[in-house]
Amino acid sequence: MKVIKVVLIIFFSWACNTSPQIQTNELKAQKPKNVILMIGDGMGLSQVSSAFYYQKDSTNFWRFPVIGLSRTSSASHKITDSAAGATAFSIGKKTYNGAIGVNADTIPERTILEYAEDAGMATGLVATSAITHATPASFIAHQPSRQMQEEIASDFLKTDIDVFIGGGKQFFTDRKDGVNLADSLTAKGYRVFFDTTGINEVHNGRVAALLAPDEMPPYAQGRGEMLMPSAMKAIEILSQNQAGFFLMIEGSQIDWGGHVNNAEYLISEEIDFDHTIGAVLDYSKQHPETLVIVTADHETGGFTLAADHADKMKGDYNTIAPSFSTTGHSTTLVPVFAIGPGSETFSGVYENTAIFTKMMNALGLTYNKVR
Ligand code: MG
Ligand code: ZN
């Protein structure tokens, strides 16, 4: 009897140590070197779905093994704006609509970009809006209102961000206080660009590219291939850093297509974002020490890909008639896609603030109350 007991104990301890258990432990022990957070502004599930129906190429969303859902409400409103939405990702707290890197009491809190910087990582922001617009601003600036774009521009100088690419030149160079922040950036060692000429020759160091006076034009109206090459240039430069990097890439104008209820605009922005995701995933395949997360701050437009149902008696179930239910945002849960070391923690249903915590935990960074 005793012998059987011992044999059983040995058997069970052996059984418990077979590969699935070991793999789980190994996955948990894996720490990403790099984190790339991609935000499709206003990108709900129908926006994502449009990438499956409106392009010739296979969408890159097929490539994600881990999916979650995020609840986007802010501290002040059931329906968030992009400032509170991005600040939830950047500081891990719900705040009020309009807040940029500050909590619900307007107190500045350290952002994940600043934590990464303090840990010796290289950092970057790429957007198709002004770089001072709510989403990118929430990762680097601390201001009570998203309207304060000149103050937000000044906050870029208070950090050691390595690369930022987007619009918003006027908030740096044509300011009420008369200060030319482009000169300040140059003095701080940045190479400053006002168009894409010459960017390709840069392979390291600090880069500030302000490619439009305010917002970038839509993809179909002159912006063209800007987001993907900008993201890949940022990755090329940031990846020189031995201690890894944190990069936020935003498809800013998916939201704007939703606000104007223009399905063609929305879908062309979604496809541009999809292509950028593809390039990022190709990079992460070559550099598997990279955690990639793709999500949205909220849904915009109440967008849907419903059947063309003009004829009430018999709908055409082979024709999609994209439609909208609002020119504002909605509070529909948004999808979260993840791949790479630490990605398994992104499955499930959670608050948008958990995305901050999950990224911090993956990187082994510790939340610090004191900024
Ligand atoms: Mg945005
Ligand atoms: Zn919006």
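The side chain of Gln240 reaches the backbone oxygen of Glu236 at 3.0 Å. This is a polar contact, defined as a pair of N or O atoms within 3.5 Å; within protein, one must be able to donate a hydrogen and the other to accept it, and residues adjacent in sequence count only if both atoms are side-chain atoms. The model is predicted: local features need pLDDT of at least 70, side-chain atom pairs count only at pLDDT 80 or more, and totals for chains, interfaces and linings use all residues. Residues are numbered from 1 along each chain as its sequence is written, chains are lettered from A and ligands numbered from 1 in the order in which they are written, and side-chain values use heavy atoms, with hydrogens and water left out.

Gln240 sits in the loop between helix H10 (227–238) and strand E7 (245–251). Helices (H or I, at least four residues) and strands (E, at least two) are DSSP runs, numbered from the N terminus. Gln240 counts as partly exposed because its relative accessibility is 44%. Buried means under 20% relative accessible area, exposed over 50%, and partly exposed in between (1.4 Å probe, protein chains only). Beyond residues up to four places away in sequence, Gln240 touches His203 and Asn204. Contact here means heavy atoms within 4.5 Å. Asn204 is 36 residues from Gln240 in sequence, yet their C-alpha atoms are 7.0 Å apart.

Ser90 belongs to helix H4 (residues 82–91). Its relative accessible area is 0%, so Ser90 is buried. Neighbours within four places in sequence aside, Ser90 is in contact with Arg110, Thr111, Ile112, Ser138, Phe139 and Phe356.

Helix H7 (residues 149–156) is largely enclosed by the rest of the structure, because six of its eight residues are buried. These are Gln149, Glu150, Ile152, Ala153, Asp155 and Phe156. Their cover includes strands E3 (122–130) and E4 (163–167). Helices H6 (134–137), H8 (170–173) and H9 (181–187) are also among the covering elements.

The protein chain as a whole has 13 helices and 14 strands. Of its 371 residues, 53% count as buried. Residues 24 or more positions apart account for 72% of the contacts with a separation of 6 or more. The C-alpha trace spans about 90 × 65 × 45 Å along its principal axes.
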